[in-house]
Amino acid sequence: MAGLETHCPLVQGELHRHVAHGEPLSGAAQAHLRGCAECRAELALLRGVQAALLAEVPAVAPPPAMRAQVLARARRPARRWWPAALSAAAAVGALLTLNLLGPSRGVAGALPDPAVVVSAGRDMLVASNDHQGTLTLLRGGQVQATLTAPAAQTPWFTEGVRLGGRVFLADAANDRVLELTLTPLRLTRTHRVPDGVAGLTADSGAAGGRVYFKSVRGAVGTLDGAQVTLAREAGMPLADAMDGVLLLGGHLLVTHHLRGEVCVLDPDTLAVRRRLPLGGMPVALAAVRDGVLVLDVQGRLLRLRGDLSVAQTWAVGGHPDKLSVNGDVAVLTDRSGAVTRVPLRGGPATRTQLTHPMDVEVLPDGTFAVAEGGRGLRVLDGALQTQRAVGRPPE
């Protein structure tokens with residue numbers, strides 16, 4: 001993915017400024033973090049020290065030179081001694097400065113690094129790929145509730161689905177799916193999914209509903225239920241943990257992007273009925289009234305008929321990996337910075353540039369909510385014009 005060539009020292013400089021001053025991370029730095037465990041650990045350390053120190057002492061105005069002293073210490077190679085070496089006196093001095101390092105209040109502070117957005121009627125749930133795994137419930141652009149779901153690794157949310165009054169969020173970095181209620185916003189259960197979650201979908205059936213997953217290494221199954229292995233694959237960087245799962249017309253469709261195919265399974269037995277070799281790297285699925293759309297991260301959008309034969313192909317360019325549909329309009333997001341509108345009934349595709357679009361979700365009023373990593377949430381109309389922006393940091 002774009003940005004992985006960025007060098008660690010440059011990224012770690014950004015991390016210190018991000019924690020110390022609240023500066024947003026660049027797209028290149030965010031992409032580097034997804035593939036670099038050392039830099040993710042560095043960010044976790046900085047945030048962990050910040051949180052631990054702030055928990056100990058009340059806020060006091062810092063001496064003017066103290067911020068520079070703490071940041072100078074943070075840049076030294078030997079950083080692992082911080083927690084053990086901070087005596088009570090040293091901790092007070094450090095806390096005076098680090099009290100300034102916490103997130104700002106209000107919406108911007110509640111959307112630290114949006115990665116996944118789930119629409120739930122009047123509400124939107126936004127999951128952030130920050131160290132704490134911040135989950136924010138929005139209504140009308142205002143924060144209704146916030147909770148955190150920290151884990152051993154910095155969360156990497158890949159997908160979110162709604163099932164009745166519950167929302168399920170896939171965290172590929174920590175091999176888990178979070179189950180939440182929205183009113184009130186509460187984490188009710190954590191489902192373990194070995195080998196990371198690449199895709200997720202929900203089925204509201206007579207038996208109370210099922211949630212299907214696709215794992216990074218090729219397994220498909222239901223949460224806490226049966227599973228089948230489509231193929232045994234090696235691991236992959238978190239940035240590449242992407243696949244689509246869709247229940248449609250009595251079929252469970254699953255993309256397997258490493259093999260360029262869509263697999264058709266029985267939703268009850270998980271037996272593989274067919275394999276559709278489409279080439280490229282299909283990563284996302286969406287139902288339309290006359291079939292299904294398949295998004296290829298290599299820059300194609302395909303429409304399959306009801307019999308799953310290819311009816312139409314659009315060349316959309318770039319590396320899009322998320323897809324949402326409203327009627328005859330499909331909107332695709334590409335983490336390199338593009339949002340593409342594809343009119344499914346004819347006409348040219350159009351594109352607009354955003355900073356770091358990570359996910360897109362159609363809202364009840366027909367607009368599209370885009371989780372713009374590190375930049376907040378943006379709502380676009382069907383022509384890709386910005387209607388409102390939520391939680392964007394100051395330019």
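pLDDT is the predictor's confidence in each residue, from 0 to 100. The structure is a predicted model, in which local features need pLDDT of at least 70 and side-chain atom pairs count only at pLDDT 80 or more, while totals for chains, interfaces and linings use all residues. Residues are numbered from 1 along each chain as its sequence is written, and side-chain values use heavy atoms, with hydrogens and water left out.

The chain has a mean pLDDT of 82. A value of 70 or more is reached by 79% of its residues. Residues 1-5 fall below 50, and this stretch has eleven contacts (heavy atoms within 4.5 Å) beyond near neighbours in sequence. Over residues 70-105, pLDDT also stays under 50. The model has 57 contacts beyond four places in sequence for residues 70-105. Where pLDDT is low, the predicted coordinates should not be read in detail.

Strands are DSSP runs (E, at least two residues), numbered from the N terminus. Two strands pair if DSSP finds at least two bridges between them. An open sheet is formed by four strands in the order β13-β14-β15-β16, with antiparallel pairing. Its edge strands, β13 (245-248) and β16 (272-277), each pair on one side only. From one strand to the next, the twist averages 20 degrees (axes are lines fitted to C-alpha atoms, and angles run from 0 to 180 degrees between N-to-C directions). Within the sheet, β14 (residues 251-256) and β15 (residues 261-265) are joined by five bridges in the antiparallel sense. T255 stands opposite V262 in β15.

A202 lies in strand β9 (residues 197-203). Residues up to four places away in sequence aside, A202 touches V161, R162, L163, R210 and V211.

K322 belongs to strand β21 (residues 322-326). K322 is buried, because its relative accessible area is 12%. Polar contacts are pairs of N or O atoms within 3.5 Å; within protein, one must be able to donate a hydrogen and the other to accept it, and residues adjacent in sequence count only if both atoms are side-chain atoms. The K322 side chain makes such a contact with the side chain of D359 (3.5 Å). The K322 side chain also reaches the backbone oxygen of T158, at 3.0 Å. Beyond four places in sequence, the contacts of K322 include E159, L295, V331 and M358.

Definitions and conventions
Buried means under 20% relative accessible area, exposed over 50%, partly exposed in between (1.4 Å probe, protein chains only).
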